Amino acid sequence: MTTVQGTTLTERQKGLAACACLMAQGDLVRLEPAVRSALDGGVTINELKEAFSQLYAYTGFPRSLNALGVLNKVLGSQPDGTWQEGKPWVRPQLWDNAAQALSRGTEVQTQLSGQPFDYTFCPQDDYYLKSHLFGDIFAGDQLSAADRELVTVAALSALDGVEPQLAAHKRGAVNMGNSQQTVDELCAWLNSQGYTLRSTWPKGQPNSAYAQYFTGNSYLAPLDAEHGGPANVTFEPRCRNNWHIHHKQVQVLICVSGRGWYQQWGCEPVPMTPGTVICIPAEVKHWHGAAADSWFQHLTYHTHVEEGASNEWLEPVTDEVYDKLK
């Protein structure tokens, strides 16, 4: 909690990170207000251009161009010059010397990795990384190397299936001049604000009626409340419900987004990812909730409901138990 409540992360860094995260997801609806907020918070126009340009190497040209399009739209809606342009863009001299770009990129990559890195399995990618990404792209002077890595960490936090790269860039962000606290706080802040929630399912409203039975914040979105249909439950990272038992009814869970856990009393925990279906027999003590570093959504409904069916809420899932999950 000391890290989560820390003060090392600036409003400018938050603005860059939020825009990078949403750009990586391709969420243009949420990106537009995030761009406005970033500009209001001190991020310059040219810094955002640089961030969106750099991230094409991680998210592809389509999302880079779409994000730049959103920035252009936002700027066109407020032409009175209240936002900072930033330092003028200057074409890096390094771009005119391929050998120098390769040499400089190799130095940058070594610093970021903490040791020399040669991807001999695929010489093409090895050259692209050294000469283009860490040479050409890092040669721009709108963002510092430390800023670039925070932007990269934020973007990778938004993507599925890139855990090894995210872990490497978290370390790299420290090697490039950020404190470990800043990196940890950045990831915690992105999670807490919901930027890493990758889903088209409704988040719903705070699940206040059952908040006493949850560790962390959850949200409830009934999909067919009038007819008692399924509901979508959204868990923030580390959120989980207490141990509980459904009497005289069977509960069905269907993971639709993120990563989470399900565990029966006395059994090993079961990871849940999109498509995972759990059928919980009546009278079985269990809990379910989000992974430590991911939002989690599941649909839930009850079947085989008998007369007198009820829920019995029990003790919380302690941090000692939860932190052992891998």
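Residues are classed as buried when their relative accessible area is under 20%, as exposed when it is over 50%, and as partly exposed in between. In this predicted model, the classification was applied to the partners of selected salt bridges, of which the structure contains 16.

A salt bridge connects R238 with D323, with 2.9 Å separating the closest N and O atoms. R238 is located in the loop between β4 (231-235) and β5 (240-241), whereas D323 belongs to the segment after α11 (319-322), so the contact ties together parts that are 85 residues apart in sequence. D323 has a relative accessibility of 43% and therefore counts as partly exposed. R238, at 30%, likewise counts as partly exposed. The R238 and D323 pair is part of a network in which salt bridges with shared partners join R238, R240, D319 and D323.

A salt bridge is also formed between R148 and E50, whose closest N and O atoms are 2.5 Å apart. This pair links distant parts of the chain, R148 being in helix α8 (residues 145-157) and E50 in helix α3 (residues 45-54), 98 residues apart. With a relative accessibility of 0%, R148 is classed as buried. E50 is classed as buried as well, because its relative accessibility is 10%.

The side chains of D27 and R30 form a further salt bridge, with an N to O distance of 2.8 Å. D27 shows 22% relative accessibility and is thus partly exposed.

Notes: Residues numbered from 1 in each chain as written. Predicted model: local features only at pLDDT ≥ 70, side-chain atom pairs only at ≥ 80, totals over all residues. Heavy atoms only, no water. Salt bridge = Lys/Arg side-chain N within 4 Å of Asp/Glu carboxyl O. Buried < 20%, exposed > 50% of the residue type's maximum accessible area, 1.4 Å probe, protein only. Helix = DSSP H or I, 4+ residues; strand = E, 2+ residues; numbered from the N terminus.
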